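I opened a notebook for this model. My entries follow in the order I looked things up.

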Amino acid sequence: MIPFHSNSRQHADLSEALAQALHGVDLKDDSAFAHQLEKFEQKLADYCQVESVVSVASGSDALVLALRALNLPPGSEVITCDFGFYATAASIIMADLIPVFVDTAPGRMTMDLDAVRAAISPRTAAIVPVHLFGEAVAMPALQKLASEHSLAIVEDVAQALGATSNGQLVGSFGVAAAVSFNWSKHLSSFSNGGAILTNDAGLANRLRSLRSYGNEGTFHHTALGINSKLNPFEAALLSVKLPYLDGWIGRRREVADRYTSILSQAPQIITPSMVEPGAHVFHKYTIRIPDRDGLRKYLKDSSVSTLVCYPHLLHTQPAFAGRGLRAESFDHASRLVDEVLSLPVYPELMDTEIDFIGEAVLAHVRTGH
Ligand SMILES: *Cc1c(COP(=O)(O)O)cnc(C)c1O
């Protein structure tokens with residue numbers, strides 16, 4: 001079986017460096033853990049070209065805390081895309097804000113900026129663009145729209161670390177950005193981790209308090225904080241991995257190109273495109289095909305694991321029912337949930353495997369079974 005996702009190949013390649021990093025954490029030094037976190041936060045800030053990084057326990061916590069640190073009026077509306085992952089919408093609700101969903105852009109899998117403009121109301125306070133599957137939302141245009149209406153932007157960079165919009169790294173456009181290191185992300189920890197990126201020093205300070213029980217000083221709690229820390233051993237391992245990230249992204253793009261050149265022989269398939277150089281890091285390689293479920297079954301029978309990212313629109317999730325969220329019918333996004341299929345993509349995927357998968361897709365399309 002070709003796995004949909006694999007960290008084991010990456011970890012086999014890096015096993016010595018990772019083991020050394022763990023040994024390098026001095027258990028006899030009480031400050032060693034704090035040191036690992038600071039070191040990693042600094043490295044990530046340098047990579048992302050932002051002033052401050054506040055590491056936390058998960059990407060979900062990063063989103064919730066980033067939104068809460070903005071001190072928006074409770075019940076304010078936050079615009080985000082209806083096609084995406086649960087955590088984005090859930091975090092908005094958990095921050096006492098109301099998600100307002102918009103459609104995807106025609107021919108794309110990320111939010112439609114015209115729809116964002118149309119969704120702005122007097123109660124709108126923020127926009128959460130999700131750079132879904134590793135593809136950057138057009139940030140200069142979104143920034144212009146947000147500033148015209150004095151709206152905050154919190155970027156969801158969970159799937160797009162290293163992607164650029166107009167040559168600038170995503171995560172550096174918004175007032176804050178949430179990053180995830182969960183095991184399935186392209187900069188992965190062994191379990192979970194996350195971080196908030198920001199250029200606002202005051203916001204960074206509020207976030208450091210919010211991740212630590214809302215402390216200001218000792219046993220003096222000035223904000224309704226939680227306890228959300230990145231595990232220092234994960235930080236040590238992530239510090240080993242970070243220098244490889246750009247190389248891994250380069251290989252992901254090669255994998256994507258190889259898939260696309262094979263799959264372009266099948267007119268029924270819409271392959272992901274790169275709108276501008278650097279815009280896509282291919283966290284996922286997601287195609288569209290009318291007979292999605294048939295193809296998925298055929299690939300499974302051919303020993304290829306795939307995943308439907310995502311089979312439901314966020315506004316239809318039972319978890320969000322009964323909250324009076326505005327539900328609309330979205331022409332583009334509602335077709336995506338029926339047609340999308342994500343194929344395996346990771347830097348260690350071999351050309352022979354890509355060719356095998358690509359040929360299997362073509363075989364299914366040609367024969368129709
Ligand atoms: C993974 C993910 C999150 C949540 O990150 P966790 O670290 O798993 O909590 C949020 N948004 C998007 C788009 C994601 O893919």
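Entry 1: I began with Arg-335, which counts as partly exposed at 49% relative accessibility. Arg-335 forms a salt bridge with Glu-339, with the closest N and O atoms 3.4 Å apart. By salt bridge I mean a side-chain nitrogen of Lys or Arg within 4 Å of a carboxyl oxygen of Asp or Glu. Both residues lie in helix H11, 4 residues apart, about one turn of the helix. Glu-339 counts as buried at 12% relative accessibility. My helices (H or I, at least four residues) and strands (E, at least two) are DSSP runs, numbered from the N terminus.

**Entry 2: what I am working with.** This is a predicted model, where local features need pLDDT of at least 70, side-chain atom pairs count only at pLDDT 80 or more, and totals for chains, interfaces and linings use all residues. Residues are numbered from 1 along each chain as its sequence is written, and side-chain values use heavy atoms, with hydrogens and water left out.

**Entry 3: two domains.** I noted domain 1 (8–243) and domain 2 (245–367). These bounds come from an automatic or database domain assignment. The domain centres, taken over C-alpha atoms, are 24 Å apart. Domain 1 gives 47 residues to the contact and domain 2 gives 40 residues. Contact here means heavy atoms within 4.5 Å.

How much area is buried between domain 1 and domain 2? I found about 3700 Å², and carbon and sulfur atoms give 61% of it. Buried area is the accessible area (1.4 Å probe) that two parts lose on being put together, summed over both. On the domain 1 side, Arg-9, Asp-82 and Phe-133 lose the most area to domain 2, together 19% of what that side buries.

**Entry 4: polar links across the interface.** I counted 18 residue pairs in polar contact between domain 1 and domain 2, both residues at pLDDT 80 or more. A polar contact is a pair of N or O atoms within 3.5 Å; within protein, one must be able to donate a hydrogen and the other to accept it, and residues adjacent in sequence count only if both atoms are side-chain atoms. Among the elements that give two or more residues to the domain 1 side are helix H1 (8–23), helix H4 (86–94) and strand E3 (98–102). E3 supplies the largest share of that side, 5 residues. By class, the domain 1 side has 25 nonpolar, 12 polar and 10 charged residues. Ala, Val, Leu, Ile, Met, Phe, Trp, Tyr, Cys and Pro count as nonpolar, Asp, Glu, Lys and Arg as charged, and the others, Gly among them, as polar.

**Entry 5: salt bridges.** The structure holds 15 salt bridges. How many cross the interface of domain 1 and domain 2? The rule finds 1 there. Glu-353 forms a salt bridge with Arg-9, with the closest N and O atoms 2.8 Å apart. Glu-353 lies in helix H12 and Arg-9 in helix H1, so the pair ties together parts 344 residues apart in sequence. Glu-353 is buried at 11%, while Arg-9 is partly exposed at 23%.

I also looked up the network of salt bridges that links Arg-251, Glu-254, Arg-258, Asp-351 and Asp-355.

Entry 6: Ile-354 is found in helix H12 (residues 351–367). Its relative accessible area is 0%, so Ile-354 is buried. Beyond its neighbours within four places in sequence, Ile-354 is in contact with Arg-251, Val-255, Arg-258, Tyr-259, Ile-262 and Leu-349. Ile-354 and Tyr-259 are 95 residues apart in sequence, yet 6.5 Å apart in space, C-alpha to C-alpha.

Ile-357 is also in helix H12. Ile-357 counts as buried too, at 0% relative accessibility. Not counting residues up to four places away in sequence, Ile-357 touches residues including Ile-2, Tyr-259 and Leu-299.

Entry 7: Most residues other than glycine have a negative phi, and most peptide bonds are trans. I checked for exceptions. The peptide bond from Cys-309 to Tyr-310 is cis, with omega near 5°. Tyr-310 is found in the loop between helix H10 (292–301) and helix H11 (331–339). Ser-303 is in the loop between H10 and H11, and its phi is positive, near 70°. Gln-49 has a positive phi of about 55°. Is Gln-49 buried or exposed? Gln-49 counts as exposed, at 60% relative accessibility.

Note on methods:
Buried < 20%, exposed > 50% of the residue type's maximum accessible area, 1.4 Å probe, protein only.
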